[in-house]
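These are my notebook entries on a single structure, written down as I looked things up. I begin with a turn in the backbone and then move on to a helix and some charged pairs.

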Amino acid sequence: MRYSREHKQETHDRIVKKASVRLREKGAHGIGVADLMKEAGLTHGGFYAHFDSREALVIEAFGYAMDRAMEHWRKQSDQVAPEKQLAQIVETYLSILHRDNPGHGCSIPALGAEIARESPKTRKAFAGKLDEMVEMITDFIPNLPRKAARKQAIATLATMAGTMLLARIAGSSELSDEVLRAGKDSALEGAKREPAKAAPAKKKQN
């Protein structure tokens, strides 16, 4: 039975979407191709009709997950004034809801450590999406020159992702809640930081 190109693309997208959730929940190597295909309602044998390799699926699923995260950030930021956009992202990112739902959250705390051990091709793809995230956060820091804003964006993203990772390690506990609060305070402090004023020029002596 032959399927239309549209049907094949819909099936492909369904596999990627399912994989993006399961990979964030169970890790890059926590679930096999057969299980992923089964969850998508397909047979293992049909996998190579859509992907050249497992790595190809992993890369596409990572990209999908990170794109969804940035789409969520855009929606959140659209609800507030420009000067409050970064704080809004921090608040929603470092939340109990995000902590307890890794399958639908950011890929960095869910998969970052594993990605660092993957192939150069996978790391390059992940790094490209990471750079997009940094650029997006940079856009949310309007009170600094672009170079300084990007530096602050990297620090803020690192604080958010590291905080979420530690909070998940601690589980749903008082320590985990404490980690979330501390990380949020640190990230928000950075978001509120005013640009440093240039030192007054020294007068030349005659």
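Entry one. I looked just past the end of helix 1 and found that Gly-27 takes a positive phi of about 95 degrees. I note here that I am working with a predicted model.

Entry two. I then checked the length of helix 1, which covers residues 5–26: at 1.5 Å a residue its 22 residues should span 32 Å, and its end C-alpha atoms are 31 Å apart, so the two values agree.

Which residues of helix 1 are buried? I listed Thr-11, His-12, Ile-15, Val-16, Ala-19, Ser-20, Val-21, Leu-23 and Arg-24, and I saw that what covers them includes helix 2 (33–39), helix 3 (54–77) and helix 6 (107–115).

I searched the whole structure for salt bridges and found twelve. One of my look-ups was in helix 3, where Arg-68 and Glu-71 lie three residues apart, about one turn of the helix, and their side chains meet in a salt bridge at 3.1 Å, N to O. Arg-68 is partly exposed at 34% relative accessible area, and Glu-71 also counts as partly exposed, at 30%.

I found a salt bridge between the side chains of Asp-100 and Arg-99 at 2.8 Å, N to O; Asp-100 is partly exposed at 39%, whereas Arg-99 is buried because its relative accessible area of 7% is under 20%.

The side chains of Arg-146 and Asp-139 meet in a salt bridge at 2.7 Å, N to O, and salt bridges that share partners join Asp-131, Glu-135, Asp-139, Arg-146 and Arg-150 into one network.

How values were computed. Residues numbered from 1 in each chain as written. Predicted model: local features only at pLDDT ≥ 70, side-chain atom pairs only at ≥ 80, totals over all residues. Heavy atoms only, no water. Helix = DSSP H or I, 4+ residues; strand = E, 2+ residues; numbered from the N terminus. Expected span 1.5 Å × (residues − 1). Buried < 20%, exposed > 50% of the residue type's maximum accessible area, 1.4 Å probe, protein only. Contact = heavy atoms within 4.5 Å. Salt bridge = Lys/Arg side-chain N within 4 Å of Asp/Glu carboxyl O.
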